[in-house]
Amino acid sequence: MIPFVKAHACGNDFLIIEEPLAQRRHADLARKLCARNTSVGADGIEFLDRKPNGEFFLRLFNADGSEAELSGNGTRCVAAWLASSEGIQNVALGTHGGVRTCQVIEAADPYFLIESEMGIPRVMPRTIVLPEIGNVDGAMVNVGNPHFVLFVDTDDFSAHGKSWQDLGARISTSPLFPHGTNVEFVRVISPEEIAFRIYERGCGPTTSSGTGTCASSSAAMALREASRSLTAIAEGGAQRTVWPANDAVMRLTGPAEIICRGEVAAL
C-alpha cells in the first residue's frame, strides 16, 4: 500500500507521493494511480523528494506516464500540503524546469491561496503548418515547460473550423514538437482580463494549468498589449498574474486545496 495525498488547484488535480515510495516505478505508478475509473484518479503525480540538506525537489509524471518539466498548479498543491502538514509558509521547490518559490498568502486549511514565482517567460511569435488545416498563427512560450498559444475570438474557443479540443490534440502531438507541447486558446476580454482553454500535454483537456495561465498571460501581455497585471480565467476558475517587464519574473497567485489522504494498492 502506498500512502498518498490528493490536492487540486482550480480542478487540476494531483497525487503527492514521497519519492522513496516510487522505487523507480514513477511512470507505471502514474498510469495506474491516475486512472479515474480504476484507481484514485488525477491529472498527474508529484513525487516529493526530501534532500539530505533540507531542500525539496519535485518530479512530475502525467497521467499517461510521461514525465514533464514542472506544473505550476502541481507545485502549488505541494506547497499547500507542506503548509498543512508541516506549517511551512514559504518554500522553494526544485523542478526540472527550475526552482519555484511559493508563499502562502491566505490559509484556511484545507484551502490555501498561494503566490508563486514562475520564472521569466520567453514568448516567440510563430506560425506552424498543420496537414489539412494550413497555417496556424500563434506563439511558442516557455515558462519552464513548452506551450503554444493561439488567440481566438470565438465564444467556444474554436479555431480553424475545429473545436479547441480537436485542434489542441493535433498541435500537442504534432511532429513539429518532438517532445509534445501544451496548447492554450486565449480570448482577450479586456486589457485586464483574459479567458482561455487548455489542452495539456500528457493528459488532454484540463480545467486549469498554472504554467498555462502564465503562458497565456505572457503572450497576451507581449503580443496583445494586455495589462502587466491580469486576471486569467480557465474553466476551473481565475488566477492572477503579474509580469512587470519582459525580463522580469512572473508571479502567479491562485488557490490550492487538500482533498484527502489515503493509501492505495499499486501492485
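Predicted model: local features only at pLDDT ≥ 70, side-chain atom pairs only at ≥ 80, totals over all residues.
I started with Gly-210, and at 0% relative accessibility Gly-210 counts as buried (buried means under 20% relative accessible area, exposed over 50%, partly exposed in between, with a 1.4 Å probe and protein chains only). Gly-210 is found in helix H4, residues 210–223. Helices (H or I, at least four residues) and strands (E, at least two) are DSSP runs, numbered from the N terminus.

Residues are numbered from 1 along each chain as its sequence is written, and side-chain values use heavy atoms, with hydrogens and water left out.

Next I looked up what Gly-210 touches. Apart from neighbours within four places in sequence, Gly-210 is in contact with Gly-72, Asn-73, Met-118, Gln-239 and Leu-252 (contact means heavy atoms within 4.5 Å).

That list sent me to Asn-73, which is found in helix H2, residues 72–86. Asn-73 is buried too, with a relative accessible area of 0%. Skipping residues up to four places away in sequence, Asn-73 touches Ala-9, Asn-12, Phe-14, Ser-208, Ser-209, Gly-210 and Gln-239.

Then I checked the record. UniProt, in an unreviewed entry, places the feature "binding site" at positions including Asn-12, Asn-73 and Gly-210. UniProt positions are given in the numbering used here, feature names are shortened, and annotations may be inferred rather than shown by experiment. From this set, the lining of the largest cavity takes in Asn-12, Asn-62, Gly-72, Asn-145, Asn-182, Glu-200, Arg-201, Gly-210 and Thr-211. On a 1 Å grid over the protein atoms alone, a cavity is a set of points where a 1.4 Å probe fits but cannot get out, and lining residues have an atom within 4 Å of a point.

Is Asp-43 buried or exposed? Asp-43 counts as buried, at 12% relative accessibility. I found its side chain joined to that of Asn-12 by a polar contact of 2.7 Å, and a polar contact of 3.1 Å links the side chains of Asp-43 and Arg-36. A polar contact is a pair of N or O atoms within 3.5 Å; within protein, one must be able to donate a hydrogen and the other to accept it, and residues adjacent in sequence count only if both atoms are side-chain atoms.

Definitions and conventions:
1 Å grid on protein atoms, 1.4 Å probe; cavity = no way out; pocket = protein on both sides within 12 Å on 5 of 7 lines; lining within 4 Å.
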